[in-house]
Amino acid sequence: MRLKPAFRFALYGAFAILFVTGAVWLVADRLKESGEQWQEIAADLLMVHGGAAMATLLLLGALVPLHVQRSWRAGRTAPRAPPW
C-alpha cells in the first residue's frame, strides 16, 4: 500500500522539520549563556518545533484510518499468534 505522494511528502517534511528544529535547539540551548541572541533563537525554535509536532500528530492521526480502511477493504487481518 503506497500513500499518495502529497501525503507522504507532508509526513516526511513534518518529521524533517521536527528533527532539524530539535537538533538546532540543542545547540542553541547550550550557547544561550553566551548571548541574548541565542536565547531568542532557542525560544523561536521551540515554537516552530511545537507547531511541527502538532502538524505531525494530525498527519499521523490521518494515517491510521487510511491504513485501517484499506486493510479492511482488502480483507487483510492482523497475523494471528501461534497456538502454543
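Predicted model: local features only at pLDDT ≥ 70, side-chain atom pairs only at ≥ 80, totals over all residues.
Helix 2 (residues 36–74) has 39 residues, and at 1.5 Å a residue these should span 57 Å; the end C-alpha atoms are 57 Å apart, so the model agrees with the expectation. That expected span is 1.5 Å times one less than the number of residues. Helices here are DSSP runs of H or I with at least four residues, strands are runs of E with at least two, and both are numbered from the N terminus.

Residues are numbered from 1 along each chain as its sequence is written, and side-chain values use heavy atoms, with hydrogens and water left out.

The protein chain has two helices and zero strands. What does helix 2 bury, and against what? Its buried residues are Ala 42, Leu 45, Ala 52, Thr 56, Leu 59 and Leu 63, and they pack against helix 1. Buried means under 20% relative accessible area, exposed means over 50%, and partly exposed lies in between (1.4 Å probe, protein chains only). Of the 84 residues in the protein chain, 15% are buried.

The largest nonpolar core has six residues: Leu 3, Phe 7, Leu 11, Ala 14, Leu 59 and Leu 63. Helix 1 and helix 2 each give two or more residues to this core, and helix 1 supplies the largest share, three residues. Such a core is a set of buried Ala, Val, Leu, Ile, Met, Phe, Trp, Tyr and Cys residues joined through side-chain atoms within 4.5 Å. Leaving aside neighbours within four places in sequence, Phe 7 is in contact (heavy atoms within 4.5 Å) with Leu 59, Ala 62, Leu 63 and Leu 66. Across the protein chain, residues 24 or more positions apart account for 72% of the contacts with a separation of 6 or more.

| Residue | Relative accessible area | Class |
|---|---|---|
| Val 20 | 47% | partly exposed |
| Asp 29 | 26% | partly exposed |
| Lys 32 | 31% | partly exposed |

Val 20 lies in helix 1 (residues 5–31). The side chains of Asp 29 and Lys 32 meet in a salt bridge at 2.9 Å, N to O. The rule asks for a side-chain nitrogen of Lys or Arg within 4 Å of a carboxyl oxygen of Asp or Glu, and by it the count comes to one salt bridge.
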